Amino acid sequence: MKILVPVKRVIDYNVKPRVRADGSGVDLANVKMSMNPFDEIAVEEAVRLKEKGVATEVVAVSIGSAKAQEVLRTALAMGADRAILIESDAEVEPLAVAKLLAAVQAEEQAGLMILGKQAIDDDSNQTGQMLAALLDLPQATFASKLEVAADSVTVTREVDGGLETLKLDLPAIVTTDLRLNEPRYASLPNIMKAKSKPLATRAVADFGVDVTPRLETLKVTEPAKRVAGVKVADVDELVAKLKSLGVAA
Ligand code: AMP
């Protein structure tokens with residue numbers, strides 16, 4: 001069984017984002033970029049399934065600028081077999097990403113597609129769901145455990161009230177949550193080996209998908225600064241303070 005893993009290059013999760021002075025978006029100049037953390041979890045899960053002999057091939061796909069090759073090389077160093085870059089210098093919104101991934105799936109016929117539950121740059125949490133709708137395939141979002149059988153996958157997913165277990169027929173779409181696994185670091189020999197693994201570059205036009213943006217960003221602002229707290233000496237002072245603020249009667 002082949003597994004397709006879409007990976008997005010995003011601002012590194014350790015970086016504190018700066019908003020551009022004109023409020024048009026986040027400033028990405030000279031900022032460290034990395035693979036979206038939920039996608040690392042997806043790659044890890046796919047590679048573990050290959051190591052267990054459940055999957056035969058792991059294919060990583062990214063839609064983005066030529067620099068997205070970096071995250072594809074990381075996926076290859078983690079254990080993916082080959083990679084596809086669909087090159088676009090313009091930002092591609094989740095619906096268009098889902099349409100491109102649907103077109104890749106039409107060519108690849110993977111048995112399982114594992115995506116991140118969300119990309120941490122835009123926090124959209126849309127692509128997996130839209131992809132499932134476009135392909136009319138079963139989906140399980142926010143997976144914290146996966147068990148693959150011959151023609152189905154059993155997914156434990158994190159929901160508000162606890163855990164829910166779903167059984168999906170393959171092919172299926174799964175999106176990862178944080179607790180699914182702890183992704184490995186690529187070792188130096190594997191980083192070297194990844195350099196010679198196949199990475200195909202394709203154009204958006206190859207897939208006949210209209211990626212014209214449908215959304216317009218009106219304004220991006222920094223979150224409001226938190227006001228410093230006040231220390232109180234005892235409960236009486238706390239109650240008095242709350243009363244003076246009108247929070248307690
Ligand atoms: P989102 O819906 O944007 O929050 O993204 C959810 C997931 O879709 C990500 O974790 C990736 O697995 C996949 N994805 C989104 N954008 C891209 C992209 N440009 N290239 C590859 N995969 C993507």
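Reader: Which helices and strands each supply at least two residues of the lining of the second largest pocket?

Author: This is a predicted model, and in it the second largest pocket is lined by 22 residues. Among the elements of the protein, which has six helices and 11 strands, those that each supply at least two residues of this lining are strand 3 (33-35), helix 1 (37-51) and helix 2 (69-78).

Reader: Which element gives the largest share of the lining of the second largest pocket?

Author: Helix 1 and helix 2 each supply at least two residues of that lining, as does strand 3. The largest share is four residues, and the element that supplies them is helix 2.

Reader: How do the residues of the lining of the second largest pocket divide into nonpolar, polar and charged, and about how much space lies in the pocket?

Author: The residues of the lining divide into 12 nonpolar, four polar and six charged, and those that lie nearest the centre of the pocket are Tyr13, Met35, Glu40, Pro183 and Tyr185. The space in this second largest pocket comes to about 590 Å³.

Reader: Turning to the ligand, which residues around it come nearest?

Author: There are 17 residues around the ligand, and they divide into seven nonpolar, eight polar and two charged. Those that come nearest are Asp39, Ala119, Asn125, Gln126 and Thr127.

Reader: Which strand gives the most residues to the shell around the ligand?

Author: Two strands, strand 4 (57-64) and strand 6 (112-116), each supply at least two residues of this shell. With three residues, the element that gives the most is strand 4.

Reader: How far from an oxygen atom of the ligand are the polar backbone atoms of Ser124 and Asn125, and what percentage of the area that the ligand exposes when taken alone does the protein bury?

Author: A polar backbone atom of Ser124 is 3.4 Å from an oxygen atom of the ligand, while for Asn125 the distance from a polar backbone atom to a ligand oxygen is 2.8 Å. A backbone N or O atom of Ala119 likewise lies 2.8 Å from an oxygen atom of the ligand. Taken alone, the ligand exposes 480 Å², and the part of this that the protein buries is 98%.

Reader: Finally, what share of the residues of the protein count as buried?

Author: The C-alpha atoms fill a box of roughly 70 × 45 × 40 Å, taken along the principal axes. A residue counts as buried when its relative accessible area is under 20%, and of the 249 residues of the protein the share that count as buried is 41%.

How values were computed: Residues are numbered from 1 along each chain as its sequence is written. This is a predicted model: local features need pLDDT of at least 70, side-chain atom pairs count only at pLDDT 80 or more; totals for chains, interfaces and linings use all residues. Side-chain values use heavy atoms; hydrogens and water are left out. A residue is near a molecule or strand if one of its heavy atoms lies within 4 Å of it. A polar contact is a pair of N or O atoms within 3.5 Å; within protein, one must be able to donate a hydrogen and the other to accept it, and residues adjacent in sequence count only if both atoms are side-chain atoms. Accessible areas come from the Shrake-Rupley method with a 1.4 Å probe; for residues, only the protein chains shown count as cover. Ala, Val, Leu, Ile, Met, Phe, Trp, Tyr, Cys and Pro count as nonpolar, Asp, Glu, Lys and Arg as charged, and the others, Gly among them, as polar. On a 1 Å grid over the protein atoms alone, a cavity is a set of points where a 1.4 Å probe fits but cannot get out, and a pocket is an open set with protein on both sides within 12 Å along at least five of seven lines; lining residues have an atom within 4 Å of a point. Grid points are joined across faces, edges and corners, and a volume is the space filled by probe spheres set on the points. Buried means under 20% relative accessible area, exposed over 50%, partly exposed in between (1.4 Å probe, protein chains only).
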